[in-house]
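Me: I am new to this structure and would be grateful for a close look at a single part of it. Please begin with one residue and then describe the surrounding architecture.

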Amino acid sequence: MSDLQDSPFLRACRREPVPHTPVWFMRQAGRSLPEYRELRGTGSILDAIHTPDLATEITLQPVRRHGVDAAVLFSDIVVPLQAVGFGVDVVPGTGPVVEEPFAGTADLPRLRPLEAEADIPYVLETVRNLVTELEVPLIGFAGAPFTVASYLIEGRPSRTYAKTKAMMLGEPALWGALIDRLADLALAFIRAQVEAGATAVQLFDSWAGALTPEQYAAHVLPASQKVFAGLADLGVPRVHFGVGTGELLGLFAEAGADVVGVDWRVPIDAGWERIGLDKGVQGNLDPAACLAPWPAVEHEVLGVLDRIGGRPGHIFNLGHGVLPETDPTVLTRIVELVHERTAS
């Protein structure tokens, strides 16, 4: 791990000068890669995650192909839920689906504490495999309490989060107990990954953008702060990310991360001002831009870099995950372009 501390990715997380702006892509492990589809076949993503040799290879594929500056563990935010027996699956074309959604106080005992060595040995084995093979940092991750709660309550992906918000606003004591348990799950899941060798972590609050700043501050921020505070002693960079969170970026910064992701809806320089220049920033190319002809992609990439203006602390990424229909060669060219244009 110590050999990687001078890597561009970890240096950027610490807002130190870098030889080039580091690049990685959310959902780079899998999704658009033909070698991933060939390797995984038609089985469940959770089956693949449960197979350490397979999960190791899937994590390594985009590093080999694209030359990215960090690997992200091939896993899923529902893994801890499944591991403690809550009853969740990832359905192709749909996403996380919960067999019996969370509905009340009687469901709280279903969220027992995560015992990493007993519950997720396959994840720990994958991480240990990777740290012996990788020459770039490994990013571990978990789902943030609000986003995970939304799946548990809605039972599947939602556009409105109506049941989730109704519980949050109408049953605040139950809501508080729920997301406190989910904060503990996320914290245990991430700590186990770091203790196994991950050198950075990201908390995905993908759907927090559905909330007003007031709702987020009152009902969500304390649980996210609990996760980040519980990671502070590990000494690894902590990244926080959400979609549609332009109005929440200042509050995201208060949650305790070292780096905050900005999606494509906010110019990255404006987002950095909202976050505060004492934090790093990650992003923020529109994933759909990668489907355009190369001259348009190049224009968009250079636009992000121009807005950064060479300020230390930027990690180039998309504003959300790689779209499955993305041509992988475009991602490789983006990495090469960013490295070339920012080389010092």
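**A residue and its setting**

Reply: Asp119 has its place in helix H6, which covers residues 116–119. The model is a predicted one. With a relative accessible area of 13%, Asp119 is buried, because a value under 20% counts as such. Its side chain makes a polar contact with the side chain of Arg112, at 2.9 Å. Leaving aside residues up to four places away in sequence, Asp119 touches Ala83, Val84, Arg112, Pro113 and Leu114.

The description now turns to the sheet. Seven strands form an open sheet in the order E1-E4-E5-E6-E7-E8-E9, and their pairing is parallel. Its edge strands are E1 (71–72) and E9 (314–318), each of which pairs on one side only. Strand E8 (residues 280–285) runs parallel to E9 and is joined to E9 by five bridges. Within this pairing, Asn284 has Asn317 in E9 as its bridge partner. Helix H10 (residues 172–196) packs on the sheet, where H10 touches strand E4 (138–143) and strand E5 (200–204). The direction of H10 makes about 170° with that of E4.

The axes of helix H8 (residues 145–154) and helix H9 (residues 162–170) come within 8 Å and cross at roughly 110°. H8 is therefore roughly perpendicular to H9. On the H8 side, Phe146, Ala149, Ser150, Ile153 and Glu154 take part in the contact, and they meet Ala162, Lys163, Thr164 and Met167 in H9. The residues of this contact divide into five nonpolar, two polar and two charged.

Definitions and conventions
Residues numbered from 1 in each chain as written. Predicted model: local features only at pLDDT ≥ 70, side-chain atom pairs only at ≥ 80, totals over all residues. Heavy atoms only, no water. Axes fitted to C-alpha atoms, helices over the stretch in contact; angles between N-to-C directions. Helix = DSSP H or I, 4+ residues; strand = E, 2+ residues; numbered from the N terminus. Parallel < 35°, antiparallel > 145°, perpendicular 65-115°, else oblique. Contact = heavy atoms within 4.5 Å. Nonpolar A, V, L, I, M, F, W, Y, C, P; charged D, E, K, R; others polar. Pairing = 2+ DSSP bridges. Buried < 20%, exposed > 50% of the residue type's maximum accessible area, 1.4 Å probe, protein only. Polar contact = N/O pair within 3.5 Å; in protein donor to acceptor, adjacent residues only side chain to side chain.
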